[in-house]
Amino acid sequence: MAFNNHNNLTLVKPGFEATEYSKMVLVFPRISLKPEVEAYLLSVFKNKEILANIQSEQSNFKFESLLSRLSHPPAFTCIRVNTCAASTDQVKKLLTEELQKQCKGWPMSDIPVLEHPELPDVLLIPVIGPRINLQRHSIEVIVGAQCGNAVLRGAHVFIPGILSAPKLMRDGDAVSVYSDIGGKCKRGAVEFVGSKTFVGNGIAELSRNEIFSSNCTLRGVGIRMTEPVYISPSFDNVLPSLLFLQNLPSVVVSHVLDPKPGERILDICAAPGGKTTHIAALMNDKGEVIAMDKIANKVKKIKQNAENLQLKCIKVFCYDGTKALAKEGNWDGQAGPPFLPESFDRILLDAPCSGLGQRPNMACDWSLKEIASYPPLQRKLFRVAVNLLKPGGILVYSTCTITLTENEEQVAWALDSFPCLSLQSQEPHLGEEGMMGAGLSNDQRQLLQRFDPASVTEGHTSVSCSDLDSSQIEHLIKSANKDTIGFFIAKFMKMQDG
């Protein structure tokens, strides 16, 4: 096994190459942003406070590294164990057996399944790739950008994601799959000559006619991936009651919230329910977890995930979080929203955000106006959360974006607007401190967690997949803590009255 010097884990087998940083950048272009958005982000990462502490060239390099990393997947697949149903060790054994069956014939039968030393309910699986010398097939299938992103994290191509296939494509054909990163390919096209990125090879499960000529919307796998550029195992229907796929920082959030059995917890923007179910598991399914989302289909997904993990203490409501605080005379004892002030022991506000930290993401068509629309909504939700929190209670605010306005600037606003709030230390603290530029003190920034994909250190090492010693495992874990999505966490306590 080897790390390239960009520290994106590459497992080297016969026929596989370790890739240097310069080659890795060439696998995919850096994330494509609208010029106004890229200029805005550059100004964020080169704000006056940052430039007073580091050289302009260094900030430029970090910004370019960030844009390159955002278009590539994290170096590890993170699995959260449902500890209400089984121990981490039990699931590790079952998962190892499942991967050996699933990956027979693939160069990953001896990839380690690692236990995270600071997150007792987390297992990590290294990702193989990028594989830059895969042979391309003459039959090209174009998929949507979201589908292409999913392929890079281990998924097969499902039928709704297919946009274009040649006339003569039949089931059983070997095909090369490309992602339409520009969003220009029309569904049903015979060929596409626009901007596209190769994500791997696979086998067609249906003919072109079957995919595009059906009178009803088809479901299921359309292309079964056999040679993806990045190899990650597929978790479709794998131990569904025992594990949940979740980005590492998203797991950290619930541990930082630190819910206790018997408490009443609110997850104010809960879809799709990963953090909701984690909170319930950390409480040993004892207490009450209220989960809300204003979109009915997303509420259905929260309920489905709670049912899959067999968690009973979760109550789900389709409701707008900005209206969750009951006005005077607008509460009649109902179990659901709106709620009376000071109703909850702990609240998680995983706020709607611009999502610019998500990986992989080769293209984002957000306008600057759309990005700027999130901070006002986040503040509305934050005000509600503060009012619903009991004195002495804990409020955790998080986003999966990289901007200052949605993260550190929101913390500065909160501390100024709500004297009853105080920043708290976080445990575990696996990310970096908060970014400069929002006027927070050094002590305040150290209480925050910012997971920054550009922070991965360079290095190169080679080890055997089947014979990892403790120092090599420690190195892997440190890499997993850094090479993840962009994410932000702040933890507040509401002071006791008087």
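The model is predicted, so local features need pLDDT of at least 70 and side-chain atom pairs count only at pLDDT 80 or more, while totals for chains, interfaces and linings use all residues. Residues are numbered from 1 along each chain as its sequence is written, and side-chain values use heavy atoms, with hydrogens and water left out.

The space in this second largest pocket comes to about 380 Å³. Among the 16 residues that line the second largest pocket, I50, I54, K62, E432 and M435 are the closest to its centre. On a 1 Å grid over the protein atoms alone, a pocket is an open set of points with protein on both sides within 12 Å along at least five of seven lines, a cavity is a set where a 1.4 Å probe fits but cannot get out, and lining residues have an atom within 4 Å of a point. The lining of the second largest pocket is made up of six nonpolar, four polar and six charged residues, where Ala, Val, Leu, Ile, Met, Phe, Trp, Tyr, Cys and Pro count as nonpolar, Asp, Glu, Lys and Arg as charged, and the others, Gly among them, as polar.

The structure holds five cavities of 30 Å³ or more, and the largest cavity has a volume of about 70 Å³, a volume being the space filled by probe spheres set on grid points that are joined across faces, edges and corners. Residues lining the largest cavity include P74, F76, L124, R153 and D483, and its lining divides into six nonpolar, two polar and two charged residues. The second largest cavity, of about 40 Å³, has E432, R450 and K482 among its lining residues, and the elements that give two or more residues to that lining are β19 (449-451) and α15 (470-482).

Two packed helices are described by the angle between their axes and the distance between the axes. Helix α12 (residues 374-388) packs with helix α13 (residues 408-417) at an angle of about 40 degrees, their axes being 11 Å apart. Because of that angle, α12 is oblique to α13. On the α12 side the contact (heavy atoms within 4.5 Å) is made by P375, Q378, R379, F382 and R383, and on the α13 side by E409, Q410, W413 and A414.

How values were computed:
Axes are lines fitted to C-alpha atoms, for helices over the stretch in contact, and angles run from 0 to 180 degrees between N-to-C directions. Helices (H or I, at least four residues) and strands (E, at least two) are DSSP runs, numbered from the N terminus. Angles under 35 degrees count as roughly parallel, over 145 as roughly antiparallel, 65 to 115 as roughly perpendicular and the rest as oblique.
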